[in-house]
Amino acid sequence: MTYKVFIPTAGLGTRLGQLSKNVNKALVAVDNKPVISHVIEKFPKDVEIVVALGYKGNLVRDYLQIAHSDRKMTFVDVDPYCGPGSGLGHTVLECESFLQCPFVFCTNDALILEKIPPPIENWMGFTDIENNENYRSVRIGKDDIVEELYEKDEGVNVKPYIGLAGISDYKSFWKHMSDGVLYGSIQIGESYGLRKMIEDNVRIKAKPFTWHDTGNLKNLALARKVFKRKNSPEILEKPNEAIWFVNNRAIKFAEDSTFISDRVERAMVLKGYVPKIIDFNNNMYCYKLINGSTMSKCITKPLFLRFLGWIGKFWTPVETDQSEFKRRCLLFYRKKTEKRVFQYFSRFHNSDSEEVINGVKVPKLSDLLKKVDWEWLSDGLSVRYHGDLHFENILVAENGEFCLLDWRQNFSGLKECGDIYYDLAKLYHGIIVSHELVNKNHFNIKRDGGIITFDILRNHKLVETERLFEKFIIEENYDLHKVKMLTALIFLNIAALHHYPYSEFLFYLGKYQLNELVSQ
């Protein structure tokens with residue numbers, strides 16, 4: 001049959017806190033895929049999707065046009081989407097003219113395991129969960145017909161309605177939604193129209209589903225555990241960046257549009273070593289997925305040694321004015337570190353102080369940074385560089401070839417070249433702290449006043465890899481002390497970018513290492 005799917009995304013998604021600060025909640029990821037893609041993939045490709053846009057609507061539109069370019073989609077801008085006059089019902093009514101046929105209403109935060117049927121008949125989705133007082137609910141009668149639709153925390157012997165419904169009698173639905181503008185349909189939403197249809201004795205079937213709500217932090221965390229696949233890449237969540245895998249594509253998102261345009265430009269510089277970008281817009285770019293595994297999933301001693309031979313050829317020297325390059329390195333290392341440390345203290349409301357870290361008395365960080373020989377540290381080697389070289393960004397394709405992912409957008413403004421020592425340090429930092437162990441919370445950090453203790457569980461393979469890498473650095477006549485110094489600064493730099501308590505762990509790991517290094 002011919003029908004459409006309606007997905008409203010206009011709301012603010014405030015129950016997700018900081019996760020929806022920079023993106024619409026429909027783009028919050030489960031198993032490295034935005035929830036809205038999980039929803040869309042439940043429907044046949046020839047079904048038109050009508051999407052209501054509001055909060056961060058431009059990002060939703062841009063994402064869907066890149067991720068699902070093989071589908072027919074209609075976008076409807078909702079005004080207002082917040083404040084006086086707004087509400088789910090207003091969003092629904094704004095899309096009325098585009099839904100003059102049977103359609104499936106589906107919230108943008110519902111993950112369903114079963115196949116979703118077409119609206120051949122009227123139906124409402126329900127599930128069987130405990131603590132259902134937070135959801136509207138249905139009372140189901142003979143022949144699985146919905147007898148009544150209740151508001152939250154009402155009714156006895158009821159089942160939660162999951163915001164999924166097939167609306168075959170669309171004319172009846174739209175009449176009740178329009179007639180109810182002064183009586184609650186604007187605030188209540190689609191369930192107002194469904195309730196009035198029930199009161200008019202319109203037959204609505206109750207259909208059971210296995211359902212996971214992702215609209216609040218607690219349920220989102222549970223859904224992420226349930227849907228996480230065994231070999232999914234280990235991506236550490238950041239508030240203003242993301243990488244998603246959907247429809248055989250990898251899509252990189254950044255709040256900063258310059259970040260994206262620079263990445264696209266750099267992809268040409270790194271041609272042959274990174275995937276070919278096939279589409280991009282202001283805040284996203286994408287490339288076709290390459291079959292293979294990240295280095296973190298398949299690391300062995302022979303594989304790592306082979307990679308070191310390969311990456312050595314990648315680091316082609318680039319001629320540049322050495323004094324200017326040194327000035328750029330100084331800006332990148334010193335000024336960026338000072339900025340990021342300030343950002344860390346501001347974001348987490350901490351202050352610079354003398355502390356005892358893992359039993360060692362460590363001065364203020366500002367005092368440690370004064371001891372760094374920045375002139376020596378900034379005397380870098382100009383090469384073609386990656387900029388975020390760790391095992392999650394190194395892909396081993398099925399044919400055994402290597403491919404570099406998620407490259408840095410620039411090095412102190414330079415796109416053609418960067419310091420090889422930064423690549424060496426990024427690789428070293430990822431060997432010390434792997435994303436997989438972090439995502440599994442295999443680290444701990446404890447602060448009791450000025451006494452700090454931290455630790456991390458380390459894979460034996462990575463400990464062996466660290467020894468191999470140190471040997472490589474020495475044999476290639478690179479300065480291991482400089483690599484370690486930059487690694488400590490990297491931990492301090494990225495602390496401000498990650499979630500608590502991982503942020504605190506990174507900060508004190510970096511501070512502890514820096515103290516050890518400047519004391520040598």
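In this predicted model, Lys 446 stands opposite Thr 453 in strand β26. Strands β25 and β26 form a hairpin with 2 residues between them. In the turn of this hairpin lies Gly 449, which has a positive phi of about 65°.

Strand β26 (residues 451-456) also pairs with another strand. Strand β19 (residues 355-357) is joined to β26 by 2 bridges, and these strands run parallel. Here Ile 357 is the residue that stands opposite Ile 452 in β26.

The faces of β26 may be considered next. In a regular strand the side chains alternate between the two faces of the sheet. In β26, Ile 452, Phe 454 and Ile 456 make up the covered face, whereas Ile 451, Thr 453 and Asp 455 make up the uncovered one.

The description now turns to a pair of helices. The axes of helix α10 (residues 301-314) and helix α16 (residues 460-475) come within 11 Å and cross at roughly 30°. Angles under 35 degrees count as roughly parallel, and α10 and α16 are therefore roughly parallel to each other. Their crossing is right-handed. At the contact, Lys 301, Phe 304, Leu 305 and Leu 308 in α10 meet Thr 465, Leu 468, Phe 469 and Phe 472 in α16. The residues of this contact divide into 6 nonpolar, 1 polar and 1 charged.

Conventions. Residues are numbered from 1 along each chain as its sequence is written. This is a predicted model: local features need pLDDT of at least 70, side-chain atom pairs count only at pLDDT 80 or more; totals for chains, interfaces and linings use all residues. Side-chain values use heavy atoms; hydrogens and water are left out. Axes are lines fitted to C-alpha atoms, for helices over the stretch in contact, and angles run from 0 to 180 degrees between N-to-C directions. Helices (H or I, at least four residues) and strands (E, at least two) are DSSP runs, numbered from the N terminus. Angles under 35 degrees count as roughly parallel, over 145 as roughly antiparallel, 65 to 115 as roughly perpendicular and the rest as oblique. A crossing is left-handed if the near helix is turned anticlockwise from the far one by less than a right angle, and right-handed if clockwise. Contact means heavy atoms within 4.5 Å. Ala, Val, Leu, Ile, Met, Phe, Trp, Tyr, Cys and Pro count as nonpolar, Asp, Glu, Lys and Arg as charged, and the others, Gly among them, as polar. Buried means under 20% relative accessible area, exposed over 50%, partly exposed in between (1.4 Å probe, protein chains only). Two strands pair if DSSP finds at least two bridges between them.
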